[in-house]
Structure formats: structure tokens, C-alpha cells
Amino acid sequence: MVRADGQKSRTGVRVLGRFEKNGEPFTHVALTLETGRTHQIRVHMASKGHPLLGDIVYGPSKCPITGLIGQTLHAMTLGFLHPTTNKYIEFTAPLPEYFQKLLQVLQP
């Protein structure tokens, strides 16, 4: 994808699961950013017709899942070159409980 200002951005998408709840489709995906642009994930997914659940800026103004606060986006792994040592550092975080509960709600 190329932004209006000409900067390229790339996001890899891997489907982890597909669900249907109350006649609406939902897809659990793992995304890999090859670039780091502002709102990149949210913009790419919305441009493909798959906005993040709960993202009222790039998606529907009303969330179809009651009680959800904010968009369903979790950074499982973050890595970068340390600015002083120039060594690669990586951090991981498990899926938060609210996200795990949401996936259980979407299960058939």
C-alpha cells in the first residue's frame, strides 16, 4: 500500500480462525508489520474491508459486541534495535484475558 504522502507500507496477514456471531463474520488474524506507519494495521485492515473489531474511527461507528471497549488489537511481540547498543531486543506478552474471553464468546 502507498500512503497519500508517497510512503510505502506493508502488513503481512495470517488467518488464525473464522467465526460467526449473530449472523456477522469475524476473523482472528496475526499481523506482521514490515514497516511502521501510524495507524498502519487499522488502515490496512479497513482498506481490505476487514476493520478491527471496536475501531470506530476506521470501522463501523457501533461495535456489534456489547461491552467491548476500544479496538481489539494486541501486540504480542515487539522488537527493535536498542538506540545505544544497536543490539536487537524483543519483548513478548500473552493475549490479555479480555481478548481470550472475546475469542471464547465468538466460538460456536
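**Entry 1: the core**

I looked up the largest nonpolar core and found nine residues: Phe 19, Phe 26, Leu 53, Ile 65, Leu 68, Phe 99, Leu 102, Leu 103 and Leu 106. Helix 2 gives the largest share of this core, four residues. A nonpolar core here is a set of buried Ala, Val, Leu, Ile, Met, Phe, Trp, Tyr and Cys residues joined through side-chain atoms within 4.5 Å. Buried means under 20% relative accessible area, exposed means over 50%, and partly exposed is in between (1.4 Å probe, protein chains only).

I noted what I was working with. This is a predicted model, where local features need pLDDT of at least 70 and side-chain atom pairs count only at pLDDT 80 or more, while totals for chains, interfaces and linings use all residues. Residues are numbered from 1 along each chain as its sequence is written, and side-chain values use heavy atoms, with hydrogens and water left out.

Which residues does Leu 106 touch, not counting residues up to four places away in sequence? I found Phe 19, Glu 20, Lys 21, Phe 26 and Ile 65. Contact means heavy atoms within 4.5 Å.

**Entry 2: the overall layout**

I listed the secondary structure and got two helices and four strands. From the N terminus on, the order is β-β-α-β-β-α. The helices (H or I, at least four residues) and strands (E, at least two) are DSSP runs, numbered from the N terminus.

I looked up the span of the C-alpha trace along its principal axes, and it is about 50 × 35 × 25 Å. The protein has 108 residues, and buried ones make up 19% of them. Of the contacts between residues at least 6 apart in sequence, 32% join residues at least 24 apart. The protein exposes about 8100 Å², and carbon and sulfur atoms supply 55% of that. Accessible areas come from the Shrake-Rupley method with a 1.4 Å probe; for residues, only the protein chains shown count as cover.

**Entry 3: helix 1**

I checked which residues of helix 1 are buried: Gln 40, Ile 41, Arg 42, His 44 and Met 45. They pack against strand 1 and strand 2. Just after helix 1, I found Gly 49 with a positive phi of about 85 degrees.

**Entry 4: salt bridges**

How many salt bridges does the structure hold? I found three. A salt bridge is a side-chain nitrogen of Lys or Arg within 4 Å of a carboxyl oxygen of Asp or Glu.

Glu 34 pairs with Arg 10, with the closest N and O atoms 2.8 Å apart. Glu 34 lies in the loop between strand 2 (24-33) and helix 1 (40-47), and Arg 10 lies in the segment before strand 1 (11-21), so the pair ties together parts 24 residues apart in sequence. Both Glu 34 and Arg 10 are exposed.

Asp 55 and Arg 42 form a salt bridge at 2.7 Å, N to O. Asp 55 is in the loop between helix 1 and strand 3 (77-81) and Arg 42 is in helix 1, so this pair ties together parts 13 residues apart in sequence. Are these two buried or exposed? Asp 55 counts as buried at 2% relative accessibility, and Arg 42 counts as buried at 13%.

Glu 97 and Lys 101 meet at 3.1 Å, N to O. Both lie in helix 2 (residues 97-106), four residues apart, about one turn of the helix. An α-helix has 3.6 residues a turn, so residues three or four places apart point the same way. Glu 97 is exposed at 54% relative accessibility, and Lys 101 is partly exposed at 47%.

**Entry 5: aromatic pairs**

I searched the whole structure and found two aromatic pairs. In one of them, the rings of Tyr 98 and Phe 99 have centres 6.0 Å apart and planes at 45 degrees, so the pair is tilted. Rings of Phe, Tyr and Trp (its six-membered ring) pair if their centres lie within 6.5 Å; planes under 30 degrees apart count as stacked, over 60 as edge-to-face and the rest as tilted. Tyr 98 is partly exposed at 40% relative accessibility. Phe 99 is buried at 9%.

**Entry 6: Leu 95**

I located Leu 95 in the loop between strand 4 (88-92) and helix 2. Leu 95 is partly exposed, with a relative accessible area of 28%. Its C-alpha atom is separated by 6.9 Å from that of Met 76, 19 residues apart along the chain.
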